Amino acid sequence: ILALAASASAHMTMQYPVPFGTPDKSPLDAQGSNFPCQATSSSFYSAVTTMNDWNAGDTKNVSFLGTAVHGGGSCQFSITTDTAPTKDTQWKVLHSAEGGCPATAAGNLPEGGAAGAGLSQFPVTLPKDLPSGTYTFAWTWFNKIGNREIYMNCAPLKVGGATGSADVSSVLGKLPDMFVANLPPEQCTTVEGSDVEFPDPGDSVEKGPSATLGSVTGAGCATQTKMGAGAGKLGSPSQATDAPSSGSGSAPSSGSGDATSSGSGGAATSVVASSAPAATTPAPSNTGGVFAPGASSAAGTAPSNTVAAPAPSATGGNSTPSSGDCTACSTDGAVVCIGASQFGLCNKGCAVAQDLATGTTCSNGVIARRSVRRFPRAALHRRHGSAHI
């Protein structure tokens, strides 16, 4: 039992870019209930502990944590314009690695070593004309040895520094859709002992030094492998209020295992109140439950309990939930307070209601921790005693 527990705890997660909240080390549910991104509700995407700042045209190294590499396998690194992806989301592949991902190994890596030891890093380049705004980045992995599974972690991405004025559909539309299999494996499965050879890996592809390439098999593959196309429609990226510009801070050195850049784009920055300084290394994962952007439970990230809204909004005050799933709003990226216990992020004129984290409130576009009045022990004793007189 201890060996099984150790193996489970050693499963892989993406280290950089920094994922939403506390990333799940487990594979996706075989029936696809938490596809994509391990998300089980829309509030999953509100747990942004760190916003990853990239410039269009940047090349950064994607890195990992864990030791259960299952003999390596094949990975894809994808992007979408959706900031809260669903099964209808269309994912576009930036880079494919066939074999040797996240490591080249006969089985698993030894435990107890330095974080990231023995793991490979993979350079991923954003299109130089990718429009500025907020996106979601994804890592998907098909392990070579063990149960037939698919792993997926997602991270928020803020892009700036684009050259030209190209439409996002023309930039990302020429990239292949993300490949999906093993959801469930009974319908479409990868072959154990083989590294998946993607039917359309794109122009940016690398092959592991000892890759044994194989395909997928199953009656459902014609449909399942195209799940990454979603509904087949790319939206427009939400406009970030302070997207990084060329020369805005340096990324961590390649020795840190976080990111390297061929440009001068910003590194990952902590999403906290505006008075907090930008972090130069990834912030601690949120271990206190699901919080709205900025309401991180990481200690010492901001001197204030109040979380500043990303931008002022005409609908920043408390609004009444609409009759449908959408509350109208006017400023993309703004926090919209919906009733007494919900909020939404404005996206293309629509804010979808999400439950506030326990202990937080939303008022006038600002999410804050609810204050708790504490009484001195002596006062409580006196009040308790007076009740018996």
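These legends walk through close-up views of a predicted model.

**View 1. A three-stranded open sheet.** Here the strands follow the order β1-β3-β6, and their pairing is antiparallel. Strands β1 (13-16) and β6 (122-125) sit at the edges, each pairing on one side only. From one strand to the next, the twist averages 40°. If you are new to sheets, remember that their strands pair through backbone hydrogen bonds, either parallel or antiparallel.

**View 2. Where β3 meets β6.** Strand β3 (residues 59-65) runs antiparallel to β6, and four bridges join the two. To find your place, look for Asn61, which stands opposite Pro123 in β6.

**View 3. Tyr16 and Trp54, a stacked pair.** The model has 13 aromatic pairs. In this one, the ring centres of Tyr16 and Trp54 are 6.4 Å apart and the planes meet at 20°, so the pair is stacked. Tyr16 belongs to strand β1 and Trp54 to strand β2 (residues 50-55), so to speak distant partners, 38 residues apart in the chain. Tyr16 is buried, at 1% relative accessibility, and Trp54 is buried too, at 0%.

**View 4. Phe44 and Tyr45, an edge-to-face pair.** These two rings lie 5.1 Å apart, centre to centre, with 90° between their planes. Tyr45 counts as buried, with 6% relative accessibility.

**View 5. An aromatic cluster.** Which residues form one aromatic cluster? They are Phe64, Phe77, Phe122, Trp139, Trp141 and Tyr151.

**View 6. The disulfide of Cys37 and Cys154.** The structure holds four disulfides, and in this one the sulfur atoms are 2.0 Å apart. The torsion about the S-S bond is about -80°, so the link is left-handed. Cys37 lies in the loop between β1 and β2 while Cys154 is in strand β8 (residues 151-160), so the bond ties together parts 117 residues apart in sequence. Cys37 is buried at 1% relative accessible area, and Cys154 is buried at 3%.

**View 7. The disulfide of Cys75 and Cys101.** The sulfur atoms of Cys75 and Cys101 are 2.0 Å apart, and with -100° about the S-S bond the link is left-handed. Cys75 sits in strand β4 (residues 73-80), and Cys101 in the loop between β5 (92-98) and β6, 26 residues apart.

**View 8. The disulfide of Cys188 and Cys221.** Is this link left-handed or right-handed? Its S-S torsion is about 100°, so the disulfide is right-handed. The sulfur atoms of Cys188 and Cys221 lie 2.1 Å apart, and both residues are buried.

Conventions: Residues are numbered from 1 along each chain as its sequence is written. This is a predicted model: local features need pLDDT of at least 70, side-chain atom pairs count only at pLDDT 80 or more; totals for chains, interfaces and linings use all residues. Side-chain values use heavy atoms; hydrogens and water are left out. Two strands pair if DSSP finds at least two bridges between them. Axes are lines fitted to C-alpha atoms, for helices over the stretch in contact, and angles run from 0 to 180 degrees between N-to-C directions. Rings of Phe, Tyr and Trp (its six-membered ring) pair if their centres lie within 6.5 Å; planes under 30 degrees apart count as stacked, over 60 as edge-to-face and the rest as tilted. Buried means under 20% relative accessible area, exposed over 50%, partly exposed in between (1.4 Å probe, protein chains only). A disulfide is a pair of cysteine sulfur atoms within 2.5 Å.
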